Amino acid sequence: METNSINPENWVDRYADYLFNYTIVRVNDREIANDLVSETFLAGLNSMKNFKGEASERTWLISILKRKIIDYYRRNNSQKGQAEVKMQFGDSENEGDWLEERVADLSHMTAEDEMENHELGLAILECLNQLNEKQAAIFKMKTIDGVDTDTICNEFEISPSNLWVIIHRARTSLAKCLEKNWF
């Protein structure tokens, strides 16, 4: 297996434009994209000792940048109410996605909000009962009980990608059911 070397003196010339273009598509803000690329180079310098040479220098920097982008969205969404951020990424060597879920801030609810929330809860339970048993169980474990992916996958003997397909299908079915029966 060929090992790759690392040469930080050339990073800006060789990778800055590529990393910036990769980032701007994901954050849609030039200043933030520049900051994230700079943070990536700094993190790369600080963790050069961890570079094993198994991937190219560019791939290694992209993996650092992906984590920087994820951290940016985590920081950005930590102050919001309910949010779900799904970010897809892909380049010539890697593909994947990342999903983060947040819980709603209920501290500012009015009595009307509470009643509506209760009605929505009942409608969701009604719709959950219309899902097949396995799909409903997996959806409840992941989204309501917050059980980690590995535990669910082991219990149901499914892959993580299969888990996310089941969750997606459950959400789609629930959305259709709620649209039909609650709105």
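## Close-up views of a predicted model

**View 1. Cys153 is a buried cysteine.** Its relative accessibility is 7%. Buried here means under 20% relative accessible area, so Cys153 counts as buried. The model shown in this and the following views is predicted.

**View 2. Cys127 and Cys177 form a disulfide.** Their sulfur atoms lie 2.0 Å apart. A search of the whole structure finds 1 disulfide. The angle about the S-S bond is -80°, and the link of Cys127 and Cys177 is left-handed. Cys127 sits in helix α4 (residues 111–128) and Cys177 in helix α7, so the pair ties together parts that are 50 residues apart in sequence. Cys127 is buried, with a relative accessible area of 3%. Cys177 is buried too, with a relative accessible area of 9%.

**View 3. Helix α5 packs against helix α7.** Helix α5 spans residues 133–144, and helix α7 spans residues 160–181. Their axes are 9 Å apart and meet at an angle of about 100°. The two helices, α5 and α7, are therefore roughly perpendicular to each other. From α5, the contact uses Lys134, Gln135, Ile138, Phe139, Lys142 and Thr143. From α7, it uses Leu163, Trp164, Ile166, Ile167, Arg169, Ala170, Arg171 and Leu174. By class, the contact of α5 with α7 has 8 nonpolar, 2 polar and 4 charged residues.

**View 4. Trp11 and Trp60 form a tilted aromatic pair.** The structure holds 4 aromatic pairs. A pair of aromatic rings is described by the distance of the centres and the angle of the planes. For Trp11 and Trp60, the values are 6.1 Å centre to centre and 55° between the planes. This pair links distant parts of the chain, 49 residues apart. Trp11 belongs to helix α1 (residues 11–27), and Trp60 belongs to helix α3 (residues 57–77). Trp11 counts as buried at 2% relative accessibility. Trp60 counts as buried at 12% relative accessibility.

**View 5. Tyr72 and Tyr73 form an edge-to-face aromatic pair.** The ring centres are 5.1 Å apart, with 70° between the planes. Planes over 60 degrees apart count as edge-to-face, so the pair of Tyr72 and Tyr73 takes that label. Tyr72 counts as buried, at 14% relative accessibility. Tyr73 also counts as buried, at 17% relative accessibility.

**View 6. Four aromatic residues, Trp11, Phe41, Phe51 and Trp60, form one cluster.**

Terms used: Residues are numbered from 1 along each chain as its sequence is written. This is a predicted model: local features need pLDDT of at least 70, side-chain atom pairs count only at pLDDT 80 or more; totals for chains, interfaces and linings use all residues. Side-chain values use heavy atoms; hydrogens and water are left out. Axes are lines fitted to C-alpha atoms, for helices over the stretch in contact, and angles run from 0 to 180 degrees between N-to-C directions. Helices (H or I, at least four residues) and strands (E, at least two) are DSSP runs, numbered from the N terminus. Angles under 35 degrees count as roughly parallel, over 145 as roughly antiparallel, 65 to 115 as roughly perpendicular and the rest as oblique. Contact means heavy atoms within 4.5 Å. Ala, Val, Leu, Ile, Met, Phe, Trp, Tyr, Cys and Pro count as nonpolar, Asp, Glu, Lys and Arg as charged, and the others, Gly among them, as polar. A disulfide is a pair of cysteine sulfur atoms within 2.5 Å. Buried means under 20% relative accessible area, exposed over 50%, partly exposed in between (1.4 Å probe, protein chains only). Rings of Phe, Tyr and Trp (its six-membered ring) pair if their centres lie within 6.5 Å; planes under 30 degrees apart count as stacked, over 60 as edge-to-face and the rest as tilted.
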